[in-house]
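Here is a short tour of a structure for you to follow alongside the viewer.

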Amino acid sequence: MNHFWIYVIIMFGVTYLVRVLPFVVFREKIKSRYIRSFLAYIPYTVLGAMTFPAVFYATGSLPGAMAGVFVALVLAYRGKGLFPVAVFASGTAFLAGWFFM
Amino acid sequence: MGLQKENHTYIRNEFLQGIGDGSAIGIGYLSVSFTFGIAAVSSGLNWWQAFVVSLMNLTSAGQFAGITIMVSLGTYIEMAVSQFVINLRYALMSISLSQKVDRDFGWQKKMILGFAVTDEIFAVALSRKGEVSGRYFAGLTVLPLLGWNLGTLAGAVLGDILPENLVSALGLAIYGMFIAIVVPVVKENKKIRIIVFFAVFLSFCLYYLPGLKNISSGFAIIIASVIASGAGAWLFPVEEEEEVKG
């Protein structure tokens, strides 16, 4: 990880400018409905693409991870909050990983 | 324009009000960033590196994509493009916010406080009645910043200490959070449901299909999300009112 600082500075630079430049410069709203729609959908597609299928390889035990994901999906569907979903998903993955070892 | 005295208490209250309004966000960030700290350490970063990433970025999805690229030794271009695409929504929020702040919110304040534009802080700031002052916004950022960084530190340090099989199971926690964010929206909103399924489908293709699977994970996230959101924006343009609620 020799390049850690370069990576972090790039991350910081891009993220900072994306936030601050429009804040300082813009006076008007974005008029393009297409761009507004695109930006409204980005958070959800990013989270979806980032989660699947990578989540299945996140714990080192495929059956464990699958069990965890299943529990997370069910609990989230039932409207449980971020914290319980995360805790029960990890707990399930831990126990299932043990079981299938 | 009011009396000096009144003005003074008003200003203090604005800052305190901001702190109060930010408390729920701070608590929420504490747990999300805790899972980020764990995930960062379990994927190979040092505890202090995880902490530095949080200190300098304050963004969950962007940071997570960032460490994925770091540990897979992705290119710098990949890092820059991924951060740009994933965090582009903040540009939209900053533009909305720029219409909402009061006159005294000058460019100096914007350059400092703009760092803290996140989905949640934006949503709370925008839901405030009337204009947003620098003091209020500064107050609003205090607890989220504290929560985000302390949570990361706690997760990263614990991740270094706890046994490996427990840490790797806890690595699932951040995905659990992502699932808990997306699933309720997917359940409620049919358009977002179609778009998210499409993004996930593309992500699977990029992961497994011969040829496509050589594409690095950072670019795979960019490609899947840009194509799905682009198609979604074309098929289902959002109404004026329903645009980004945070």
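## Chain A as a whole

Please keep in mind that this is a predicted model. Chain A has four helices and zero strands, so its pattern along the sequence reads α-α-α-α. Its C-alpha trace spans about 60 × 40 × 20 Å along the principal axes. The radius of gyration of chain A is 19 Å, while a compact globule of 101 residues would have one near 13 Å.

How much of chain A is buried? Buried residues account for 50% of its 101 residues. Among the contacts in chain A with a separation of 6 or more, 44% join residues 24 or more positions apart.

## Where the two chains meet

The contact between the chains draws on 63 residues from chain A and 81 residues from chain B. On the chain B side, helix α4 (residues 76-100) gives the largest share, with 17 residues. By type, the chain B residues that touch chain A divide into 53 nonpolar, 23 polar and five charged.

Helix α1 of chain A covers residues 4-25. At 1.5 Å a residue, its 22 residues should span 32 Å, and because its end C-alpha atoms are 31 Å apart, the two values agree. The helix α1(A) bends by about 30° at A:Leu17.

In chain B, the 25 residues of α4(B) should span 36 Å at 1.5 Å a residue, which agrees with the 35 Å between its end C-alpha atoms. Where is the kink in α4(B) centred? The kink, of about 45°, is centred on B:Asn87.

## A closer look at B:Phe36

B:Phe36 lies in helix α1 (residues 4-42) of chain B. Why does B:Phe36 count as buried? B:Phe36 counts as buried because it has 26 C-beta neighbours inside 10 Å, and the cut-off for a buried residue is 20 or more.

Leaving out residues up to four places away in sequence, B:Phe36 touches B:Ser54, B:Ser60, B:Gln63, B:Phe64, B:Thr152, B:Gly155 and B:Ile174. B:Gly155 is 119 residues from B:Phe36 in sequence, yet their C-alpha atoms are 7.1 Å apart in space.

Notes
Residues numbered from 1 in each chain as written. Chains lettered and ligands numbered in written order. Predicted model: local features only at pLDDT ≥ 70, side-chain atom pairs only at ≥ 80, totals over all residues. Helix = DSSP H or I, 4+ residues; strand = E, 2+ residues; numbered from the N terminus. Rg over C-alpha atoms; globule rule 2.2 N^0.38 Å. Buried ≥ 20, exposed ≤ 12 C-beta atoms within 10 Å, placed from the backbone. Contact = placed C-beta atoms within 7 Å. Nonpolar A, V, L, I, M, F, W, Y, C, P; charged D, E, K, R; others polar. Expected span 1.5 Å × (residues − 1). Bend = angle between axes of the 7 residues up to and from the residue.
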